[in-house]
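Please examine the sequence and the structure shown here. The briefing that accompanies them is intended for a reader new to this structure.

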Amino acid sequence: MTIQFNDETFRGDYTFRNSPWAIKRFPFPFHEDSYMYSVNMERHRGGPKGSVYEKRFDVDEHYLSEMKDRALVLAEDPLRCQSLPHMALAGWDLLELIMVSKSEDYPELFDLHRNGNSWRWVNRPMGIDHSFTFLDEATLPYGPMEYITRQTQGDFAVLDQRDDNLWMDAGMVTTQADWSLDFDIGMNFFEWHAPVPLAHELNVFKRALKFLLNVQQGSPARRLNWTMTVNPLLDTSPENYPKWGIQKTELTPGNVGAKQHLRVELQTFFRLPRSNALVFPIRCYLIALQDVVSVPKWGRRLHRVIRDLPVELATYKGFIRNRPLIVSYLSQFDDGLPTSDGIWPDLESEPPLQKA
Amino acid sequence: MSAGTEKIDIIVSDIVKVNDLVTRFEFRRADGGLLPTFSGGAHTVVEMKDGEITRLNPYSLMSDPMDQTAYTISVRRDDAGRGGSLFMHHKVKKGDRMVISYPVNLFSLDLRARKHLMLAGGIGITPFLAQIKQLARSNGKFELHYACRTPALGSYVDELTAAYPNAVHVYFDDQQQVIDLDHLLDGQPLGTHVYVCGPKGMIEWVRKTAAALGWPREAIHYEEFLVPQSGKPFEVYLKRSGLRIRVGEHESLLEAIERAGVEAPYLCRGGACGQCETDVIEYEGEFVHRDHWLEPAERASGRKIMPCVSRFEGRTLVLDR
Amino acid sequence: MPEFTFPPSIKSRPVYGTLAPRPGKAHLMIADAEGAEALLGLAVADPTLFAKAHIIYIPKHTGETLVERLRAAAPEILHLSPSYPACVPRLRRILSDAHMGLQVYLAGTEGLIGQAMLEATNAGIPHSAIQTEHRGSVARRMQCVHCKGITEDVMTDPFVCSHCGLTLFVRDHYSRRLAAFQGVCIDAEDPGNIPAPVELYK
């Protein structure tokens, strides 16, 4: 299939928009009318055709614009991409994983030719045609992790596996939901999750870690996480918080549908073979509330989830001050009808919004 | 998640008798494609169909991790064992088709180490062969101390000493040569990691000596393939499957569950990785916990068992499988 | 000064223990101010170990009193330093000459412990193998997540970043790599609305 790539911004004038195709395939994360943490892992091995789950690394209409935004973030702050010295091999693992996966899954967009360690990578959308020597950093313009993640949507945390724990020892983090790679690099699984309320008491992280330590080559896994953002701003970093925090005060009943965005992370987990590290791609999908509610089931469900979310979670996810405004807006799209189980839009079976 | 990992169909492309006890096997993909690459220290689980019995044994990959055309393993014949090594030595022929797992690494190098100090006993040399090839390519610093029974039984001694004359030291039991462990561990630069693979006694000795000399726990790595020990037969009811099974004297609980056609998750099959952890619904008797995974409180609770290596003695055992 | 008990906090907040003798080839002890008392506790627990100890001590405001007691406990080497930065070249040299089996004991303020630990881990010692005991001030080293500057000896919440001037609130989220806690702009969503500073742990 041919993807029409948007030319849009994720800052300043915020021209980001989702096409009807993007809205329909959006990874709505709620399978029921309420939300609590869980170790909601499943195998990452395909999904319905055309869905965001189908390919190993999903490419969509926002690809080129996201890469442009990433380049801007890195120019302003190079510390968003760091790799501790022992993670060089893991960086090559990641480069190989992404190049092989994308050239196989999107042959019309990417090519990979390999002759021993002499590789040639073609990225047609970005106009890249590059020959280099695998495992030789001198033949790439950046380290391998930075090189390939400048061409791949989503953030990447590369985790060293040691001492029955995972250590965030490398990453490319420019679309994060308010955490700092520069601060967290070197921390282990429990430490970098330390600020998350309630989850530790529920043993969510202990069980998640056990699972992740045993993710094996050839058997990747995935799960969804979510939060909310004002404006389609990808770079909601702590570093820039003084710049974007103020946007939370700009919501009004008139603009909340267009400005408030649901932000969903499709998190995947791949074992990296040569280094035995684990890569944790965090792919961010944004959608304006007014587009979410265009799917009747999602409109009903989102209202109920946000209305009933525990205050600790709404605070941690950064929208507590605007919750009343958001809930009030969403209530217009909740006619009280029951909703089907699962995350899919179910447009054929779920009735349209019944006006009161 | 399904049992174990992804599987690969392979053909036994070469069999070489290394010495009286050890035979080397080479595997290539049956479809002629490339094998997955791996990290030094990884093993593969080989499926052996021995008549009615299916055995699954882990073997360290000794080949170069960068070589994706073939894997090699070395199997030490154990006449007193449960039959896996005997099957490999006597029943497997060149050209046979077999099934192996994707590589799994439970004994990986700590790539932050300033120096990798390797201690091998007997067939424990195998994971180091792959790790040394990996380190040599990346200019990593390593030193190997390898204890063998006799020169005749010193698998790969010649190959190693020829390739790395300054980094490899060999000790033959029959010449009363013993690794001077205290001396060896004393004076290693800060940031050295020690890795030991060999018989249980050797592993205990290294761990205790290093701890007594003040080495931090995180700098000591070991791999021991716990072979499931035999024990009295016992009966188990698998509640979810509705099956009553009998665990024989020479098979593990996990093997009995698999023999009954019930899928149970596993990974290392040696009591170390936690994947086969099984919930106990009901029991009347005593557990024989032989794993390295459960916490003492979990063992005492009677609510969990690791079927790959642990057993049970008593009247009733009901499992959630 | 009585020992301070830190209230339980998030998983990334360092937790300190009590120094205890451990088997080892050599023993390196670093302390500031009241941290000397923790080292003296070690001397009582195992005088023979103490006799092999190499101590780096920064007295700060405690003057000579603790120095005299440390001398009296007869460590093999006692080096007095006027400040932590002044002793770093010496510390790095000791660590680069050291061998596996070196035991490291750190006592005193969080700032000293964090920075000395960083030197030791950079030299190849796992952080969990390093013993720590907190004594004395509860002042923190804070990194401003916005400008990356580190403000030393922070005793109030919020506080003003000594580099960029933003007012930051104090988080318990801690980075071993930076040996500092995280400070985040307190009035990003409400510029100018800054609560009065409160002393830490009051």
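Predicted model: local features only at pLDDT ≥ 70, side-chain atom pairs only at ≥ 80, totals over all residues.

Residues are numbered from 1 along each chain as its sequence is written, chains are lettered from A and ligands numbered from 1 in the order in which they are written, and side-chain values use heavy atoms, with hydrogens and water left out.

**Chain A with chain C**

- In this contact (heavy atoms within 4.5 Å), 25 residues come from chain A and 24 residues from chain C.
- About 2100 Å² is buried between chain A and chain C, with 58% of it on carbon and sulfur atoms; buried area is the accessible area (1.4 Å probe) that two parts lose on being put together, summed over both.
- A:Phe183, A:Glu191 and A:Tyr241 provide 31% of the area that chain A buries against chain C, more than any other three residues.
- Six salt bridges are found across this interface, a salt bridge being a side-chain nitrogen of Lys or Arg within 4 Å of a carboxyl oxygen of Asp or Glu.
- A:Asp182 and C:Arg177 form a salt bridge through their side chains (2.9 Å, N to O).

**Chain B with chain C**

- Here 16 residues of chain B touch 17 residues of chain C.
- The buried area is about 1300 Å², and carbon and sulfur atoms give 58% of it.
- Of the area that chain B buries against chain C, 42% is supplied by B:Leu190, B:Pro216 and B:Glu218, more than any other three residues.
- One salt bridge is found across the interface of chain B and chain C.
- The side chains of C:Lys25 and B:Asp186 are joined in a salt bridge (2.8 Å, N to O).

**Helix packing within chain C**

- Helix H4 (residues 84-97) and helix H5 (residues 110-122) of chain C pack at about 30°, with their axes 10 Å apart.
- H4(C) is therefore roughly parallel to H5(C), a description that covers angles under 35 degrees.
- Their contact includes C:Tyr84 and C:Leu95 of H4(C), together with C:Leu112 and C:Ala120 of H5(C).
- Helix H1 (residues 35-45) and helix H3 (residues 65-72) of chain C pack at about 20°, with their axes 10 Å apart.
- This angle makes H1(C) roughly parallel to H3(C).
- The residues in contact are C:Ala36, C:Glu37, C:Leu39 and C:Leu40 of H1(C) and C:Leu66, C:Arg69 and C:Leu70 of H3(C).

Methods
Axes fitted to C-alpha atoms, helices over the stretch in contact; angles between N-to-C directions. Helix = DSSP H or I, 4+ residues; strand = E, 2+ residues; numbered from the N terminus. Parallel < 35°, antiparallel > 145°, perpendicular 65-115°, else oblique.
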